[in-house]
Amino acid sequence: MGKVAVVTGAGTGIGKQTTLRLLENNYSVVAAGRRASRLEELDDEAKAGNQLVVVPTDVGKESDVVRLFDVTVSAFGRIDLLFNNAGTGAPPVPMEELTVSQWEGVVATNLTGAFLCTRAAMKVMKYQSPRGGRIINNGSISAHVPRPFSAPYTATKHALTGLTKSTALDGREFDIVCGQIDIGNAGTDMTSKMGEGALQPNGERKPEPTFDVDAVAKAILYMDGLPLDANVQFLTILASKMPYTGRG
């Protein structure tokens, strides 16, 4: 058996493509996501048999995360890679129009969810044999710079950078490494309308380019392909012509 990976937000987009790539590279994968129907579609498409286990999961709920990792250990005996990919946003409205529930929903998935999964993975990675493993967090370009009207998403992604650094430090003694991949405009359903125009800081809407989401999956494979004595702490991958460097 190859490595064992847990991928959250696996039903669509980056998570789905990464899961398929991992399976092609002899990983056993536990795919988590909130929508059971999307996970069933992934299972049908992958045709990976016992190599893929799908677990409907809300990563913001502690009981769901405990179950996810119990299923993983029961099915495969260990965890070599956790890809904290699950994420959500709030409506793009002025900050004063956001509700507390909208704010809390983003925090629960993007930050608390990543913490809960990291905590569960570390409990396994510390004591398995051989010990250790790798955790990769999906930080997003928003971990560096915000888009207009994105306070909850941007705040959680900045916070995720702190979680990445703390995890790397706290895992050091136990051969647990943690890195972050910051992605800009990967071609998924979420970015499908960027060609029609994305809101810019000056109030205009301008089309923005995207790039093949499979490049992200390949980057994840590269990061996890390193031995545990080496770590990509931060990797930024983005559409070459998107407004990032020098954007207002």
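This report walks through the sheet, its helices and a few local details of a predicted model.

**The sheet**

Let us begin with the strands. Seven of them form an open sheet, and their order is S3-S2-S1-S4-S5-S6-S11. The pairing throughout is parallel. At the edges are strand S3, residues 52-56, and strand S11, residues 234-238, each of which pairs on one side only. From one strand to the next, the twist averages 15°.

For a look at one pairing, take strand S4 (residues 81-84) and strand S5 (residues 133-138). These two run parallel and are joined by four bridges. Here Asn-84 stands opposite Asn-137 in S5.

Two helices pack on this sheet. Helix H5, residues 151-171, touches S5, strand S6 (176-184) and S11. The direction of H5 makes about 160° with that of S6. Helix H6, residues 214-225, touches S4, S5, S6 and S11. For H6, too, the angle between its direction and that of S6 is about 160°.

Which residues of helix H2 (residues 36-46) are buried? They include Leu-39, Leu-42 and Ala-46. These residues lie on the same side of H2, because they cover an arc of only 55° around the axis. The cover over the buried residues of H2 includes helix H1 (13-24), strand S2 (28-33) and S3.

Is Thr-19 buried or exposed? Its relative accessibility is 0%, so Thr-19 counts as buried. Leaving aside neighbours within four places in sequence, Thr-19 is in contact with Val-7, Ala-10, Val-29, Ala-31, Leu-42 and Leu-52. One of these contacts, Leu-42, is among the buried residues of H2 named above.

**Backbone details**

Most residues other than glycine have a negative phi, and most peptide bonds are trans.

| Site | Feature | Angle |
|---|---|---|
| Phe-149 | positive phi | about 55° |
| Asn-185 | positive phi | about 65° |
| Ser-129 and Pro-130 | cis peptide bond | omega about -5° |

Where do Phe-149 and Asn-185 sit? Phe-149 is in the loop between S5 and H5, while Asn-185 is in the loop between S6 and strand S7 (186-187). Their surroundings are worth a look as well. With a relative accessible area of 41%, Phe-149 is partly exposed. Asn-185 has a relative accessibility of 6%, so it counts as buried, given that the cut-off for buried is under 20%.

The cis peptide bond joins Ser-129 and Pro-130. Pro-130 is placed in the loop between helix H4 (100-125) and S5.

**Rings**

How many aromatic pairs does a search of the whole structure find? The search finds zero. A ring does take part in another kind of arrangement, though: the charged end of Lys-126 sits over the ring of Phe-174. The distance from that charged end to the ring centre is 4.2 Å.

How values were computed:
Residues are numbered from 1 along each chain as its sequence is written. This is a predicted model: local features need pLDDT of at least 70, side-chain atom pairs count only at pLDDT 80 or more; totals for chains, interfaces and linings use all residues. Side-chain values use heavy atoms; hydrogens and water are left out. Two strands pair if DSSP finds at least two bridges between them. Axes are lines fitted to C-alpha atoms, for helices over the stretch in contact, and angles run from 0 to 180 degrees between N-to-C directions. Contact means heavy atoms within 4.5 Å. Rings of Phe, Tyr and Trp (its six-membered ring) pair if their centres lie within 6.5 Å; planes under 30 degrees apart count as stacked, over 60 as edge-to-face and the rest as tilted. A charge sits over a ring if NZ of Lys or CZ of Arg is within 6 Å of the ring centre and within 35 degrees of the ring normal. Buried means under 20% relative accessible area, exposed over 50%, partly exposed in between (1.4 Å probe, protein chains only). The arc is that of the directions from the helix axis to the C-beta atoms.
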